[in-house]
Amino acid sequence: MKEERESINSNSDEHIDLYKSIVDASPIGYAILKIIVDDDITPCDYEFLTVNAAFEVATGLVRKELLGKRVSDLSFETVNNEFDLFQFYR
C-alpha cells in the first residue's frame, strides 16, 4: 500500500511538471494568484505565485518582480494601460 501511495505521488509530481511546462510554453498569458480575503471573507487582493512569459508580454510586467507581490502593490503607471490588472482579477 505504501509503495502504491509513493507511486501516485511520483505520478502527481510528473503531471505537475508537465502542466508547468505546457503553461510556460503557452502563447496565452497565465498567472496563478493566491486570493487575499478581508474579515468578511470577500476577496480584496491577490498575490502572484507564478506567471508565464506570455503574461509578461501582455502586461509589460516582469515575473521576477511579481512573485510574492500583491496586485495592490503594483504601480499601474508601469502596466500596459489597455489592461487593468486589478479590475480583471476583481
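The side chains of Glu 56 and Arg 63 meet in a salt bridge, with N and O 3.8 Å apart; the term denotes a side-chain nitrogen of Lys or Arg within 4 Å of a carboxyl oxygen of Asp or Glu. This is a predicted model, in which local features need pLDDT of at least 70 and side-chain atom pairs count only at pLDDT 80 or more, whereas totals for chains, interfaces and linings use all residues. Residues are numbered from 1 along each chain as its sequence is written, and side-chain values use heavy atoms, without hydrogens and water.

The structure holds two salt bridges. The other pair is Lys 34 and Glu 47, whose closest N and O atoms are 3.7 Å apart. Lys 34 lies in strand S1 and Glu 47 in strand S2, so this pair ties together parts 13 residues apart in sequence. Strands (E, at least two residues) are DSSP runs numbered from the N terminus.

Relative accessible areas follow, where buried means under 20%, exposed over 50% and partly exposed in between (1.4 Å probe, protein chains only).

| Residue | Relative accessible area | Class |
|---|---|---|
| Lys 34 | 41% | partly exposed |
| Glu 47 | 18% | buried |
| Glu 56 | 22% | partly exposed |
| Arg 63 | 25% | partly exposed |

S1 (residues 31-37) and S2 (residues 43-51) pair in the antiparallel sense over seven bridges; pairing requires at least two bridges found by DSSP. Ile 35 has Tyr 46 in S2 as its bridge partner. The two strands form a hairpin with five residues between them, and Ile 41 in the turn has a positive phi of about 60°.

How values were computed. Helix = DSSP H or I, 4+ residues; strand = E, 2+ residues; numbered from the N terminus.
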